[in-house]
Amino acid sequence: MRTQVAIIGAGPAGLLLSHLLAEGGIESVVLETRTREYVESRIRAGILEHSTVELLDSLGLGKRVHAEGDPHNGIYLQWPQERHHIDFAGLVGRRVWVYGQTELQRDLGVARETGGQPIHYGISDTAVHEVVTEHPSVTFTDSAGRAQRITADVVVGCDGSFGPSRAAVPEHARSTWEHTYPYSWLGVLADVAPSTDELIYAWHPDGFAMHSMRSASVSRLYLQVPAGTDIADWSDDRIWTALATRLGHGQGGWTLNPGPITEKSVLPMRSFVMAPLRHGRLFLAGDAGHIVPPTGAKGLNLAVADVALLAPALIALLGEGDDRLAEEYSETALRRIWRCTHFSWWMTTMLHQSGDPFDAQLQLSQLRWVASSTAAATGLAENYAGLPIGF
Ligand code: APR
Ligand code: PHB
């Protein structure tokens with residue numbers, strides 16, 4: 001097989017990149033280990049930044065976001081006896097949308113199917129070859145068990161944090177930065193109407209908690225738990241009791257509505273960045289190049305921002321032989337990646353119990369500052385609602 005761009009991974013980065021390339025007249029083939037059903041059912045993120053929605057709208061892919069998504073003008077920051085709204089729209093004129101990644105994944109899947117995009121689901125043994133030549137290739141075993149090779153002008157690793165693309169950049173040619181947090185998130189989906197109109201990020205002596213949502217009838221909630229927590233140790237009752245304690249601000253007049261939990265999992269928290277995001281004719285985008293803790297709601301939006309930068313670079317390179325944007329891709333993408341990595345670290349370390357009483361006082365001071373200072377709140381709003389693409 002032969003194509004212009006071989007994309008490894010049919011997550012948000014891979015599918016959106018294939019769509020953007022097609023818009024620019026560049027053909028691609030997407031290679032994915034999982035089935036389409038699996039990829040579209042993975043419970044993941046739920047917040048689309050302003051820029052992400054603008055990009056989807058420009059592609060005609062935003063209809064369901066506006067029909068079924070939920071625009072939010074801000075979030076609540078909370079600590080005992082205090083709950084403060086941070087008004088993104090009022091502070092920076094940008095907002096976010098609550099729209100599950102599963103829904104975006106479905107929208108992208110339909111768009112690619114409609115566009116006749118070749119996507120090979122259920123592959124295995126993926127390997128990348130000759131990336132420092134002008135004819136790189138990807139070998140794999142297809143879902144029927146046949147050995148396949150696809151030759152391309154460019155290979156893009158959109159294969160997340162466990163795919164083969166990262167390792168295709170030789171150790172001597174790459175730098176990596178990693179920070180592991182000493183806690184995880186226990187996440188639940190529950191068939192119950194959210195008890196809040198906008199997300200609540202709650203600092204609490206027992207640990208962080210967050211109230212998010214997926215729709216008017218589905219809530220998404222998180223609890224800080226120790227790293228390595230076994231989900232079996234957390235019964236539904238224990239989860240709801242902890243959520244009610246940590247999300248209750250103690251002023252009275254607010255209660256958390258419990259309901260049937262339909263999914264629960266423990267999510268480890270770490271930061272990871274790799275540079276450069278290019279090696280020869282191999283490019284990396286999305287989780288393949290970076291991982292952020294979910295506290296800043298940046299993972300999905302960073303993947304979108306990467307491919308929004310990479311697509312025009314590949315269109316210029318393969319369509320016009322102009323490699324300027326391709327040369328600049330890694331450095332430009334890493335500016336935003338480090339900005340989002342810092343913001344995600346800042347939100348995480350401001351809100352999660354470390355067990356150090358000195359930390360706790362610094363955290364409370366930061367929270368009081370953000371809630372009372374327009375300058376500080378604007379800084380949070382600017383980062384959370386998202387910087388323009390190409391920042
Ligand atoms: N061969 C083919 N596909 C692979 C391989 C492989 N060897 N390894 C991984 N994949 C696929 C995975 O099955 C997955 O569908 O690559 C895809 C990577 O998708 P994501 O992990 O969703 O990463 P990305 O598209 O960058 O989107 C980032 O997804 O993981 C969340 O929190 C993250 O919200 C963020 C978003
Ligand atoms: C979610 O709704 O899943 C969500 C929202 C905000 C975050 C992380 C996750 O910071």
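A polar contact is a pair of N or O atoms within 3.5 Å; within protein, one must be able to donate a hydrogen and the other to accept it, and residues adjacent in sequence count only if both atoms are side-chain atoms. Keep that in mind for what follows.

Some ground rules. This is a predicted model, where local features need pLDDT of at least 70, side-chain atom pairs count only at pLDDT 80 or more, and totals for chains, interfaces and linings use all residues. Residues are numbered from 1 along each chain as its sequence is written, chains are lettered from A and ligands numbered from 1 in the order in which they are written, and side-chain values use heavy atoms, with hydrogens and water left out.

Ligand 1 to begin. A residue is near a molecule if one of its heavy atoms lies within 4 Å of it. There are 24 residues around ligand 1, and E32, R44, Q101, T126 and D287 come nearest. Look at the oxygen atoms of the ligand. A backbone N or O atom of A13 sits 3.0 Å from one oxygen atom. The side chain of R44 places an N or O atom 2.9 Å from an oxygen atom of ligand 1. For Q101, a polar side-chain atom lies 2.7 Å from a ligand oxygen. The protein covers 87% of the 700 Å² of accessible area that ligand 1 has on its own. That area comes from the Shrake-Rupley method with a 1.4 Å probe.

Who builds this shell? Helices here are DSSP runs of H or I, at least four residues, and strands are runs of E, at least two, numbered from the N terminus. α1 (12-23) and α8 (299-320) each supply at least two residues. α8 gives the most, with three. By class, the shell has nine nonpolar, nine polar and six charged residues. Nonpolar means Ala, Val, Leu, Ile, Met, Phe, Trp, Tyr, Cys and Pro; charged means Asp, Glu, Lys and Arg; the others, Gly among them, are polar.

On to ligand 2. Y201 brings a polar side-chain atom to 2.7 Å from a ligand oxygen. The side chain of R214 has an N or O atom 2.8 Å from an oxygen atom of ligand 2. A297 uses a polar backbone atom, at 3.4 Å from an oxygen atom. Taken alone, ligand 2 exposes 280 Å², and the protein buries 98% of that.

Q353 lies in the loop between α9 (324-351) and α10 (357-372). Buried or exposed? Q353 counts as buried, because its relative accessibility is 16%; buried means under 20%, exposed over 50%, partly exposed in between (1.4 Å probe, protein chains only). Its side chain reaches the backbone oxygen of H204 at 3.0 Å. Beyond four places in sequence, its contacts include Y183, W203 and Q224. Contact means heavy atoms within 4.5 Å.

R174 is in the loop between β12 (154-157) and β13 (175-190). R174 is partly exposed, at 25% relative accessible area. Its side chain reaches the backbone oxygen of V169 at 2.5 Å. H279 is 105 residues away along the chain, yet the C-alpha atoms of R174 and H279 are separated by 8.9 Å.
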